[in-house]
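Visitor: I would like to learn how to read a protein model feature by feature. Could you walk me through one?

Guide: Gladly; let us look at it together.

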Amino acid sequence: MPLPFTLLIDPLPADSDADSDNTVHESSVQSRSGSVPEQDSAFERTFHEIESSAPALRVAELSTQRGDGIFETLSVVDGHPQEVEAHISRLRNSAAICDLPVPNAAQWRAAIAYAVKRLPQQGELALKFVLSRGVEHGPAPTAWLHATVAPDYRSVRENGVRVVTLDRGYPRGVAERAPWLLMGAKTLSYAINMAAIREAKRRGAEDALFLTTDGYVMEGPTSSVIVRLDGRYITPAPSGAILHGTTQQSIFEHLQNRGERAEYRDLTVDELRRADAAWLVSSVRLAVAVTALDGEAFPADHAVAREWNAFLLGRTA
Ligand SMILES: Cc1ncc(COP(=O)(O)O)c(C=O)c1O
């Protein structure tokens with residue numbers, strides 16, 4: 001199947017079980033002429049493969065009109081989709097924060113499996129899946145999945161990134177005080193995140209790290225941050241104001257398995273400045289060392305980035 005690969009999905013309610021849902025189940029039996037339907041195949045009736053360049057969304061779609069929707073991007077390495085459960089679970093959490101219908105985990109699992117079976121089994125791919133509030137005044141949410149070849153990140157993984165700290169404009173604790181800001185949800189409204197990367201470039205860097213107005217480290221515009229300080233690996237607690245990164249969770253499990261100390265806690269910008277090393281980590285770019293902070297050289301540990309990336313690329317789930 002040539003890339004990009006695009007699948008439109010009719011999102012099912014969270015409690016709809018394909019095995020007990022007659023509509024889905026019977027149709028699947030007919031299309032498979034006598035074969036015993038598996039749960040995955042039962043969902044297939046809700047998937048519609050389309051040409052990636054074909055028109056697919058209505059003009060009144062709220063994802064495009066208001067950025068009103070949520071998404072996830074996972075990596076597929078040599079045919080292995082990475083951290084599927086963690087991504088689906090974060091999608092469900094984002095849906096809860098945004099008052100969107102809770103995604104049907106089994107259907108999303110099946111959609112990812114359906115796509116992966118049809119994708120190239122070699123190389124690194126980015127698989128994005130989206131749930132939007134749908135068409136204005138429309139009856140149902142809209143959902144789709146889109147897979148592309150991942151950018152070639154080998155050089156940045158090897159050489160790291162220069163980073164600037166940027167004020168996110170909110171104090172610590174904002175998520176509890178103002179939940180309508182949807183801080184912990186991975187919403188489609190990434191215009192601010194993209195603007196932060198442009199600002200970083202204007203300041204001679206490649207990436208950014210958001211800070212609260214009271215000086216706590218948050219996350220990058222498209223990544224989590226891990227810092228090594230006093231022999232411990234630290235990441236800011238996912239208090240609701242930042243995303244709980246699936247890559248960071250994977251790396252923490254890896255570190256703990258190797259007997260290293262890895263912890264969640266509030267981290268001030270002063271602590272960041274005196275850290276031994278720091279890395280930005282995310283699903284598709286993976287781990288990159290921070291080589292400069294706000295125009296000053298920063299102690300980069302590329303060897304650790306290399307070791308983490310070998311581990312991340314070797315995962316089979
Ligand atoms: C704002 C933000 N924080 C953190 C992350 C890292 O999350 P993950 O490791 O699950 O890709 C991302 C990923 O895109 C992100 O956009």
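**Around the ligand**

Guide: The shell around the ligand draws at least two residues from each of α9 (246-257) and β12 (277-282). Please keep in mind that this is a predicted model.

Visitor: Which element gives the largest share of the shell around the ligand?

Guide: That is α9, with 3 residues. In total 14 residues surround the ligand, and the closest are Leu243, Gly245, Thr246, Thr247 and Ser283.

Visitor: How do the residues of that shell divide into nonpolar, polar and charged?

Guide: The shell around the ligand has 10 polar residues, 3 nonpolar and 1 charged.

Visitor: Let us step back to the whole chain. Into which domains is the protein divided?

Guide: Domain 1 covers 5-150 and domain 2 covers 155-313. Taken over C-alpha atoms, their centres are 29 Å apart. The contact between them takes 21 residues from domain 1 and 14 residues from domain 2.

Visitor: Which elements of domain 1 each supply at least two residues of the side that touches domain 2?

Guide: They are β3 (69-77), α4 (84-97) and β5 (124-132). The largest share of that side, 8 residues, belongs to β3. By type, the side of domain 1 that touches domain 2 has 10 nonpolar, 8 polar and 3 charged residues.

Visitor: Which residues does Ala278 touch, not counting residues up to four places away in sequence?

Guide: With those neighbours left out, Ala278 touches Val225, Ile226, Val227, Leu272, Val290 and Phe298.

Visitor: How should I read the strands?

Guide: As a general idea, side chains in a regular strand alternate between the two faces of the sheet. For the case at hand, start with strand β6 (residues 142-149).

Visitor: Why is β6 described as largely enclosed by the rest of the structure?

Guide: Because 6 of its 8 residues are buried, β6 is largely enclosed by the rest of the structure. Strand β1 (residues 5-9) runs antiparallel to β6 and is joined to it by 5 bridges. Within that pairing, Leu8 stands opposite Trp144 in β6. β5 also pairs with β6 in the antiparallel sense, over 8 bridges. There, Ala126 has Thr148 in β6 as its bridge partner.

Visitor: And β1: how many of its residues are buried?

Guide: 4 of the 5 residues of β1 are buried, so β1 is largely enclosed by the rest of the structure. Besides its bridges to β6, β1 is joined by 4 bridges to strand β2 (residues 47-50), and these two strands run antiparallel.

Visitor: Which residue in β2 is the bridge partner of Thr6?

Guide: The bridge partner of Thr6 in β2 is Ile50.

Notes:
Residues numbered from 1 in each chain as written. Predicted model: local features only at pLDDT ≥ 70, side-chain atom pairs only at ≥ 80, totals over all residues. Domains from an automatic or database assignment. Contact = placed C-beta atoms within 7 Å. Nonpolar A, V, L, I, M, F, W, Y, C, P; charged D, E, K, R; others polar. Near = placed C-beta within 6 Å. Buried ≥ 20, exposed ≤ 12 C-beta atoms within 10 Å, placed from the backbone. Pairing = 2+ DSSP bridges.
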